[in-house]
Amino acid sequence: MARRNYYDIDDILAGQERVPCVLRADLDGLGSAGSGGASKVHRNARWALPYWMADRLNEEDYVDMEVSPVFSKRANRMYAASPESMQLRAICQHYYQFGLQLGDMVPEIPHVLRNMYVQRVIKVARIAQQGQNVEALDFVQSLDKTETRMLKLCQQAQSAISDWHKNQAYALKRAAAVSAAGS
Amino acid sequence: MAITTRQTEGFTMPELEYMAQHESITIVPLHRMDRIELVRGTVGPFRPPQKTTVPLWLAIMLKRTNRCRIVAPKWLSYEHLRDLCKREEQPDAMFTRLPTHYLEIAHMLLTYAEDDFVDTQAVRRLLQDLREVRQSKTHEGLRMLNSLQLQMDNLSAAEINEIRPLFRHSFDMLRQLDGLAEATEESQQQSQFADQSFAEMDDAFGSKYVH
């Protein structure tokens, strides 16, 4: 709860991840909000709600929030075993930010996230330096949003120095959209 | 005002070049000139063929109008750079001492004052090698990242600027993770939840994040 930037788009999107919940109270007329179609939802029904909603309802005791499968115990063990081969984009596009938000619930999250982050960011830095080749393509496609942003920043920094070395730091190039439209 | 992403993440290379131009360099003026008082200091009387020290921007300007000859700084010679390269390539060596703006100064001098150097191609090659070795060392340093402090001596301004976005975001992320870990630790100590995994986490944090 503490690490939220209210206006940060990535934070908002990260909070959209669904977590499984168990309803504690009978709710009338809200059946269409969950995965059922009925208009009355009973106690102990299971729902998948977005995290931001589930968190508030959990505090008000309307639902019992459970740990999302992204950070279940089994998943955490998998993350600890092989951080570099995980397909973060498939698992959860805003993996790190979602983890930061869930941090209150699951105490192993900082450890898991730190492990993942340090190992993967080293690989990201190496890819940025050596340029993308075929083997790196799989890894690049498995990065989540924060990591792709990091990759782009690294590549920009690299190209800044090499451009400047070739005296092209101020070069004006035709925008891609313009040249595509002209041809 | 519109700013590009590159400008928010640190300095741009032309900005660094501008800042590097304040460094002093020795020249041999070709024309006589009296003392000039500028805002940042006095540029002394030019009495050729005596050598004088001027800021780099003035040296470049004079050179482009053919009014001086530039004396290469001591560290920009083939022999010195070769020694530095050898020392740098030794395993577990720290970064060698180089002027803070060595990349920019070297670039400007090699672009504008080529005839004042002995063998520019070799010097360029050596500079490239030096830069690559230092870059691989900064990547090693990334491995030692923790949320408190990372000390890398003798990095030049351009190199720091290059790694600034990556390291800054990594520091932020690690600090956030640490804050989260502390918060959960405190709340855990108040409950009777003493898991085995929690004890392992304690050990991991106690041993300074060495994986």
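Predicted model: local features only at pLDDT ≥ 70, side-chain atom pairs only at ≥ 80, totals over all residues.
Me: Which residues in chain A lose the most area to chain B?
Reply: Those are R114(A), I161(A) and W164(A). Together they account for 21% of what the chain A side buries.

Me: How many salt bridges does the rule find across that interface?
Reply: One salt bridge is found across the interface of chain A and chain B. R114(A) forms a salt bridge with D178(B), and their closest N and O atoms are 2.7 Å apart. R114(A) is also among the residues of chain A that lose the most area to chain B.

Me: Nice. Switching to aromatics: how many aromatic pairs are there over all chains?
Reply: Searching the whole structure gives seven aromatic pairs.

Me: Are Y51(A) and F98(A) buried or exposed?
Reply: Both Y51(A) and F98(A) are buried.

Me: What about Y79(A) and Y95(A), why is that pair edge-to-face?
Reply: The ring centres of Y79(A) and Y95(A) are 5.3 Å apart and the planes stand at 85°, so the pair counts as edge-to-face. Here too distant parts of the chain are linked, with Y79(A) in helix α3 (residues 73-81) of chain A and Y95(A) in helix α5 of chain A, 16 residues apart. Y79(A) is buried at a relative accessible area of 2%, and Y95(A) is buried at 0%.

Me: Which residues form the aromatic cluster?
Reply: Y51(A), F71(A), Y79(A), Y95(A), Y96(A), F98(A) and Y117(A) form one aromatic cluster.

Me: Which residues touch the most other members in the largest nonpolar core?
Reply: That core has 53 residues, and F71(A), Y79(A), Y95(A), Y96(A), F98(A), L142(B) and L166(B) touch the most other members. Helix α6 (residues 109-130) of chain A gives the most to this core, with 12 residues. Apart from it lies another core of 38 residues, including L56(B), L58(B), Y102(B) and V123(B).

Me: What does F98(A) touch, leaving out residues up to four places away in sequence?
Reply: F98(A) touches A14(A), E17(A), V19(A), Y51(A), S68(A), V70(A), F71(A) and C92(A).

Me: Is E108(A) buried or exposed, and K73(A)?
Reply: E108(A) counts as buried because its relative accessibility is 13%, whereas K73(A), at 51%, counts as exposed.

Me: And in chain B, what does E88(B) meet in a salt bridge?
Reply: E88(B) meets K137(B), at 3.0 Å from N to O. The pair links distant parts of the chain, E88(B) being in helix α4 (residues 78-89) of chain B and K137(B) in helix α6 (residues 120-143) of chain B, 49 residues apart. E88(B) is buried, with a relative accessible area of 1%, and K137(B) is buried, with 15%.

Me: Which ring does the charged end of K137(B) sit over?
Reply: The charged end of K137(B) sits over the ring of F95(B), 5.6 Å from its centre. In chain A, K123(A) lies over the face of F139(A), at 4.3 Å from the ring centre.

Me: Last one: where do E114(B) and R124(B) lie?
Reply: The side chains of E114(B) and R124(B) meet in a salt bridge at 3.2 Å, N to O. E114(B) is in the loop between α5 (102-112) and α6 of chain B and R124(B) is in helix α6 of chain B, so the pair ties together parts 10 residues apart in sequence. E114(B) is partly exposed at 38% relative accessible area, and R124(B) is partly exposed at 34%.

Notes: Residues numbered from 1 in each chain as written. Chains lettered and ligands numbered in written order. Heavy atoms only, no water. Phe/Tyr/Trp six-rings, centres within 6.5 Å; stacked < 30°, edge-to-face > 60°. Buried < 20%, exposed > 50% of the residue type's maximum accessible area, 1.4 Å probe, protein only. Helix = DSSP H or I, 4+ residues; strand = E, 2+ residues; numbered from the N terminus. Lys NZ or Arg CZ within 6 Å of the ring centre and 35° of its normal. Core = buried A, V, L, I, M, F, W, Y, C linked by side-chain atoms within 4.5 Å. Contact = heavy atoms within 4.5 Å. Salt bridge = Lys/Arg side-chain N within 4 Å of Asp/Glu carboxyl O. Buried area = accessible area lost by both parts, 1.4 Å probe.
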